[in-house]
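Subject: Structure handover

Hello,

Here is the structure for you to look over. My notes on what turned up follow below it.

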Amino acid sequence: MADQFDFDVCVVGGGGHVGFPLAVAFASRGLRVAVYDVNAAVVATIASGRAPFLEPGVHAPLADAIASDRLVATTEREVVRRAEHVVIVVGTPVDQYLSPDPEAVPRVVGELEDLLVAGQLVVLRSTVFPGVTRRVEQLLAGSHPDVDLAFCPERIAEGRAMTELFTLPQLVAARSDRPMQRAAALFGKLTDTVIELAPEEAELAKLFTNSWRYIKFAAANQYYMIANDLGLDFARIRDAMTTDYPRSADLPGAGFAAGPCLFKDTMQLASVTGGAFALGHSAMLVNEGLPDYLVRGMEQRHDLPALTVGILGMAFKAESDDRRSSLSYRLKRVLSFRAGRVLTTDPYVADDSDLLPLERVLSEADLLVIGAPHAVYRDLEPAVPVVDVWNLLGMGSAL
């Protein structure tokens with residue numbers, strides 16, 4: 001660490017699902033890390049040695065980092081000027097018109113400009129709209145020519161961050177040798193494999209990755225609908241396709257494809273093409289339409305207005321407490337209009353006052369839907385019909 005800096009790394013937005021595990025990972029490798037976040041409650045939680053959300057494997061290294069004073073958390077923005085490396089992790093959502101905000105990251109960099117000092121390396125870690133790195137380069141060129149800039153996109157999956165940060169290759173991108181070498185050295189603390197790219201290549205690599213996964217989920221969900229409409233069980237068909245047959249091994253199962261990244265990043269890619277990303281738009285229609293498809297199927301088979309429907313799992317994925325962009329909530333909204341009553345439950349989500357204990361939902365529901373395939377539901381033996389697109393219960397996925 002350069003002598004003039006108190007910290008090796010400051011993670012701006014370090015209380016979130018991407019920044020927080022990254023900060024703990026750096027601290028676990030012996031770096032002195034500052035977490036800067038404007039959410040005072042999250043900062044207080046981290047400072048007390050507790051994780052602000054579920055992330056397996058983070059508790060022990062966090063406790064060790066706090067105890068050894070290698071990690072501090074603060075809402076004081078002045079901490080930014082005290083770190084050699086400033087890693088910026090902020091949300092880059094799309095709006096209600098599915099349009100990205102390409103100024104989201106440059107705006108945050110602009111807000112921090114008065115805190116940047118000579119010798120720092122600024123690392124953009126958010127998934128960004130193509131061209132954002134160049135936009136930030138232009139922003140800093142006039143005011144801070146002595147500050148280096150790199151783009152190193154996050155690649156982790158929630159729930160696996162503390163494994164993947166140390167095992168997945170890190171993408172590192174910069175316009176010149178010095179910031180490239182500095183960024184490679186920083187992320188080389190986490191993993192043995194660093195892949196160097198031009199900024200524009202790295203921007204597209206991240207968006208292509210997420211949109212590719214989103215399209216694969218859409219293919220599985222479309223296959224599910226086709227099989228179901230023909231009176232067949234997609235889970236049995238998929239099992240036959242993938243068993244000991246490597247060319248189909250990457251076909252995912254059907255289920256809600258949601259969360260804060262895949263949909264949003266596919267729409268970012270659609271926007272940069274001027275609306276010409278037909279595969280992305282088609283994937284969006286299939287994945288976002290799955291809850292409506294399920295409700296239409298339930299209507300054909302059951303007298304929904306007379307029934308109480310229970311949704312098991314409201315997080316956007318299994319074993320998560322994160323309900324951002326969860327399609328279980330879209331399912332709830334559609335069912336609330338069609339069914340007599342809708343009850344919801346989730347063992348992990350802690351910020352939804354409508355959630356009920358699992359036992360009550362099981363005792364009062366006439367029909368159940370698996371919304372998020374949490375493992376705790378796997379051994380249930382409900383006495384009422386279950387819509388299980390995931391085939392979590394092993395009884396088939398057909399409606």
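**Cavity and pocket**

One cavity of 30 Å³ or more turns up in a search of the whole structure. A cavity is a set of points, on a 1 Å grid over the protein atoms alone, where a 1.4 Å probe fits but cannot get out. A pocket is an open set with protein on both sides within 12 Å along at least five of seven lines. Lining residues have an atom within 4 Å of a point. Grid points are joined across faces, edges and corners, and a volume is the space filled by probe spheres set on the points.

Please note that this is a predicted model, in which local features need pLDDT of at least 70 and side-chain atom pairs count only at pLDDT 80 or more, while totals for chains, interfaces and linings use all residues. Residues are numbered from 1 along each chain as its sequence is written, and side-chain values use heavy atoms, with hydrogens and water left out.

The largest cavity has a volume of about 30 Å³. R125, R155, I156, E164, L165, L168 and Q170 line it. That lining splits into 3 nonpolar, 1 polar and 3 charged residues. Here Ala, Val, Leu, Ile, Met, Phe, Trp, Tyr, Cys and Pro count as nonpolar, Asp, Glu, Lys and Arg as charged, and the others, Gly among them, as polar.

The second largest pocket holds about 360 Å³ of space. Its lining has 16 residues, and H17, V42, P52, F53 and D351 lie nearest the centre. By class, the lining of this pocket gives 6 nonpolar, 4 polar and 6 charged.

**Nonpolar cores**

A nonpolar core is a set of buried Ala, Val, Leu, Ile, Met, Phe, Trp, Tyr and Cys residues joined through side-chain atoms within 4.5 Å. Buried means under 20% relative accessible area, exposed over 50%, partly exposed in between (1.4 Å probe, protein chains only).

The largest core has 49 residues. Y224, L294, M298, L304, L331 and L335 have the most contacts inside it. Elements giving two or more residues to this core are α8 (199–229), α10 (262–272), α11 (278–301), β9 (308–312), α12 (327–338) and β11 (367–370). Helices (H or I, at least four residues) and strands (E, at least two) are DSSP runs, numbered from the N terminus.

Apart from this core lies another, of 40 residues, including A23, A150, V172 and F187.

What does L331 touch, leaving aside residues up to four places away in sequence? Its contacts (heavy atoms within 4.5 Å) are F256, P291, V295, M298, I311 and V369.

**Salt bridges**

The count is 24 salt bridges, each a side-chain nitrogen of Lys or Arg within 4 Å of a carboxyl oxygen of Asp or Glu.

- D114 pairs with R77 at 3.0 Å, N to O. D114 sits in the loop between α4 (104–112) and β5 (121–124) and R77 in the loop between β3 (71–74) and β4 (83–88), so the bridge ties together parts 37 residues apart in sequence.
- R135 pairs with E103 at 3.1 Å, N to O. R135 is in helix α5 (residues 132–143) and E103 in the loop between β4 and α4, so parts 32 residues apart in sequence are tied together.
- R324 pairs with E158, the closest N and O atoms being 3.0 Å apart. R324 is in the loop between β9 and α12, and E158 in the loop between β6 (148–151) and α6 (161–167), 166 residues apart. R324 is partly exposed at 39% relative accessibility, whereas E158 is buried at 16%.

E84, D148, R178 and R182 form a salt-bridge network.

Best wishes
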